[in-house]
Amino acid sequence: MFSLKNKKHYSLFFNKTGSVLNEEFHRIKSNIEFASFKGNYHSIAITSPQEKEGKTTIISHLALTLAQEGKKVLLIDANFAKPEISKQFDIPLEIGLSNVLIGQKKLRDVINVTEYKGLDVLAAGPLSKQLVELVQSADMDHVLNEAKKKYDYILVDTQAVLISQVARVITNKCDATVLVTRKSKTDVSLINEAKKLLESYNVNLIGLIFNDKNYSLLNLFKSQKSYSLANLFRRS
């Protein structure tokens, strides 16, 4: 169920700058924009090793931050098993990405315009038994390519990669992927496992975000020398 607290929080976040949270996401946004400029990335998947790492909250705030700065953003809910984006932005769950992939709907007909200028949302749509085949198909490529014609960034929320083949396929389809993990919850061995699994799917992993209320948001990208992805993964 949509929460009025979500609406109030997102409205404040979008319309008021200068908070610690705003600054954290502007820093993450800047790193992603820099990586995107260098690699010409437009579709970016946000995923995690396990569930309940906070990736949906991260991707929602990131989408708002990009839109806040005048970017055209499409936020896609590709977490078919537990779609949360629709709840976050109070849009219908019933029609979305899966309807487009099976040919029932055109992409332009299922995109939801939000109250936040520049930010549109595509719901997950009904759960299908053929999800792996659907996201592996050329139709998924077509969705992303069509979206790139209209939007500066396409952000895709997925299930956790250690439990979902659909998530692994979608991250492969996107130009780049960012891994979100909760520092107080996820062992480094699971982060390594997720990284190796993504590499086996030829996923372009460009960054890692630690999400933890005690440590704030620490974003680690390949461009950083002191504490890079490589350094983190060698610790295990």
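Trainee: Why is Phe14 called buried?

Mentor: This is a predicted model, and in it Phe14 has a relative accessible area of 14%. Buried means under 20%, so Phe14 is buried.

Trainee: What makes the pair of Phe14 and Tyr116 edge-to-face?

Mentor: The ring centres of Phe14 and Tyr116 are 5.3 Å apart, and rings pair if their centres lie within 6.5 Å. The planes stand at 65°, and an angle over 60 degrees counts as edge-to-face. The pair is therefore edge-to-face.

Trainee: Why is this pair said to tie together parts of the chain?

Mentor: Phe14 belongs to helix H1, whereas Tyr116 is in the loop between strand S3 (111-113) and strand S4 (119-122), so the parts that the pair ties together are 102 residues apart in sequence.

Trainee: Is Tyr116 buried or exposed, and how do you know?

Mentor: The relative accessible area of Tyr116 is 5%. The cut-off for buried is under 20%, so Tyr116 is buried.

Trainee: How many aromatic pairs does a search of the whole structure find?

Mentor: The search finds four aromatic pairs. One of them joins Tyr10 and Phe89.

Trainee: What makes the pair of Tyr10 and Phe89 stacked?

Mentor: The distance is 5.1 Å centre to centre, with 5° between the planes. Planes under 30 degrees apart count as stacked, so the pair of Tyr10 and Phe89 is stacked. Tyr10 lies in helix H1 (residues 4-15) and Phe89 in helix H4 (residues 85-89), 79 residues apart. Both Tyr10 and Phe89 are buried. Ring pairs link Tyr10, Phe14, Phe89 and Tyr116 into a cluster.

Trainee: Which residues of the largest nonpolar core touch the most other members?

Mentor: Among the 33 residues of that core, they are Leu64, Leu75, Phe89, Leu119 and Leu155. Helix H3 (residues 55-68) provides the largest share of this core, seven residues. A second, separate core has 27 residues, including Phe80, Ile111, Leu144 and Cys174. In soluble globular proteins, nonpolar side chains tend to be buried together.

Trainee: What is Leu75 in contact with, leaving aside its neighbours within four places in sequence?

Mentor: The contacts of Leu75 include Ile59, Ala63, Phe89, Leu119 and Leu155.

Trainee: What makes strand S6 mostly covered?

Mentor: Six of the six residues of S6 (residues 176-181) are buried. Ala176, Val178 and Val180 are buried on one side, and Thr177, Leu179 and Thr181 on the other.

Trainee: In what sense do strand S1 and S6 pair, and over how many bridges?

Mentor: Strand S1 (residues 43-47) pairs with S6 in the parallel sense over four bridges, and two strands pair if there are at least two bridges between them. Ala45 has Thr177 in S6 as its bridge partner.

Trainee: Why is His142 called partly exposed?

Mentor: His142, in helix H8 (residues 138-150), has a relative accessible area of 47%. Buried means under 20% and exposed over 50%, with partly exposed in between, so His142 is partly exposed.

How values were computed: Residues are numbered from 1 along each chain as its sequence is written. This is a predicted model: local features need pLDDT of at least 70, side-chain atom pairs count only at pLDDT 80 or more; totals for chains, interfaces and linings use all residues. Side-chain values use heavy atoms; hydrogens and water are left out. A nonpolar core is a set of buried Ala, Val, Leu, Ile, Met, Phe, Trp, Tyr and Cys residues joined through side-chain atoms within 4.5 Å. Buried means under 20% relative accessible area, exposed over 50%, partly exposed in between (1.4 Å probe, protein chains only). Helices (H or I, at least four residues) and strands (E, at least two) are DSSP runs, numbered from the N terminus. Contact means heavy atoms within 4.5 Å. Rings of Phe, Tyr and Trp (its six-membered ring) pair if their centres lie within 6.5 Å; planes under 30 degrees apart count as stacked, over 60 as edge-to-face and the rest as tilted.
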